[in-house]
Amino acid sequence: MDGITDAPMRAFQGAQNTFTHSVTEFIRVSNHPLPIRVFVRDVPELATQAKTTTGLPVQIQILGGDPDRMAISAQNAVAAGATAIDINFGCPAPTVNRNDGGASILRCSQRVYEITKAVRDALPKSIPVSVKARLGWDTIEPIYENAEQIQRAGASWLTIHARTKTQGYNPPVYWKPIGEIRRNASIPIVANGDIWSIEDFYLCQDQTGCAHFMIGRAALANPNLPHQIAQSLGLQPTTPLLPVNWPELLQKFHDHSTDFHGPNHPKSLNRLKQWLAIAARFGDFPHFANLKNIPNHPDFMTTLTTLCQIQTTWTSEKLVAISPH
Ligand SMILES: Cc1cc2nc3c(=O)[nH]c(=O)nc-3n(C[C@H](O)[C@H](O)[C@H](O)COP(=O)(O)O)c2cc1C
């Protein structure tokens with residue numbers, strides 16, 4: 001996710017040992033093919049067999065509308081060390097769409113085919129090429145034809161975000177079409193969109209029949225969810241989960257940011273705030289208003305720890321009060 005799943009976040013998620021796969025933020029191919037040095041700069045994991053130092057495989061995502069430039073960029077990504085390429089046909093950002101990239105390509109299934117085929121044909125067969133798509137531009141129907149073209153072009157798997165471009169990130173999500181496509185598909189289909197809780201996950205699993213799932217925002221809003229899903233898929237032993245320890249998680253993420261950016265880099269603190277903003281907006285993290293203006297990391301962590309302790313004490317007192325036996 002652009003601005004979120006950068007190298008420190010990928011390293012952090014790798015250490016959590018829940019995800020089996022990660023994808024970079026989209027890397028945009030504009031008027032020229034991207035050179036090797038761009039991939040080396042943006043994706044440090046390419047120096048370590050395209051895995052984070054914490055062991056999580058990282059796939060490079062490229063975005064653009066010109067088949068040749070996309071193909072050459074993909075070749076350069078592989079020359080830089082990429083082991084898998086993903087093509088973005090999902091981004092709804094107006095600047096991206098105006099410049100012929102992301103979800104705007106979904107309006108023409110022939111272009112979906114040509115871009116996917118050009119990238120696929122440019123790379124050795126050992127390098128998977130996958131596609132990330134929305135259902136369509138302003139209706140859900142285009143996904144049926146687009147999914148066929150993506151398979152015909154030789155994609156290795158297809159991830160579907162269960163919304164149209166015009167929906168942006170608004171509800172509802174339409175998981176059922178993903179199920180219809182999966183039933184007829186010859187490649188794995190990955191279900192994505194609005195899996196916020198384990199109940200959502202079961203519903204999505206039920207409606208799509210998928211064996212593969214992509215989780216975005218909820219990995220930050222509800223950090224226990226990836227563990228719950230991994231347990232449900234048999235990827236982790238089933239053990240009771242402890243309540244989320246926010247100070248511990250955020251300190252670990254900050255350590256990865258510091259490894260990457262160096263000590264006291266403003267970006268590291270900003271990323272903690274960005275995480276908690278998502279947790280407050282989409283999850284039940286209650287303290288963001290008290291934290292967002294704190295200007296330095298030590299004060300931020302001290303306040304976070306204090307607020308979380310108060311909340312834990314309050315919660316246990318309340319539990320005792322309502323359950324005296
Ligand atoms: C801030 C933000 C940035 C995103 N950037 C990307 C991106 O670079 N590439 C991509 O394929 N999807 C991107 N997405 C879409 C997510 O991958 C995902 O499809 C979407 O958030 C729905 O999944 P979720 O409900 O689990 O978050 C982004 C989403 C958000 C909110």
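Reader: Let's start with H5 and H6. What is the handedness of the crossing where H5 passes H6?

Author: The crossing of H5 past H6 is right-handed. Keep in mind that this is a predicted model.

Reader: Thanks. Which residues make that contact?

Author: From H5 you have Ser109, Val112, Tyr113 and Thr116. H6 brings in Pro142, Glu145, Asn146, Gln149, Ile150 and Arg152. Sorted by class, the contact of H5 with H6 has 4 nonpolar, 4 polar and 2 charged residues.

Reader: And at what angle do H5 and H6 pack?

Author: The angle is about 25 degrees, and the axes of H5 and H6 (residues 142-152) are 8 Å apart. Angles under 35 degrees count as roughly parallel, so H5 and H6 are roughly parallel to each other.

Reader: Who's touching whom in the contact of H3 and H5, and which residues are they?

Author: On the H3 side, Pro67, Asp68, Met70, Ala71, Ala74 and Gln75 take part. On the H5 side, Glu114, Ile115, Ala118, Val119 and Ala122 do. The residues of this H3 and H5 contact divide into 8 nonpolar, 1 polar and 2 charged.

Reader: Switching to the sheet: how many strands, and in what order?

Author: There are 7 strands in an open sheet, ordered S1-S2-S3-S4-S5-S6-S7, with parallel pairing. Strand S1 (22-28) and strand S7 (212-214) stand at the edges with a single partner strand each, so one side of each has no neighbour in the sheet. From one strand to the next, the twist averages 30 degrees.

Reader: Over how many bridges do S1 and S2 pair?

Author: S1 and strand S2 (residues 58-63) pair in the parallel sense over 5 bridges. As one example, valine 23 has glutamine 59 in S2 as its bridge partner.

Reader: Last topic, the ligand. How many residues surround the ligand, and which are the closest?

Author: The ligand is surrounded by 19 residues, and the closest are Met1, Asp2, Phe26, Gly216 and Arg217.

Reader: How does that shell divide into nonpolar, polar and charged?

Author: The shell around the ligand has 6 nonpolar, 8 polar and 5 charged residues.

Technical notes:
Residues numbered from 1 in each chain as written. Predicted model: local features only at pLDDT ≥ 70, side-chain atom pairs only at ≥ 80, totals over all residues. Contact = placed C-beta atoms within 7 Å. Helix = DSSP H or I, 4+ residues; strand = E, 2+ residues; numbered from the N terminus. Nonpolar A, V, L, I, M, F, W, Y, C, P; charged D, E, K, R; others polar. Near = placed C-beta within 6 Å. Axes fitted to C-alpha atoms, helices over the stretch in contact; angles between N-to-C directions. Parallel < 35°, antiparallel > 145°, perpendicular 65-115°, else oblique. Left-handed = near helix turned anticlockwise from the far one by under 90°. Pairing = 2+ DSSP bridges.
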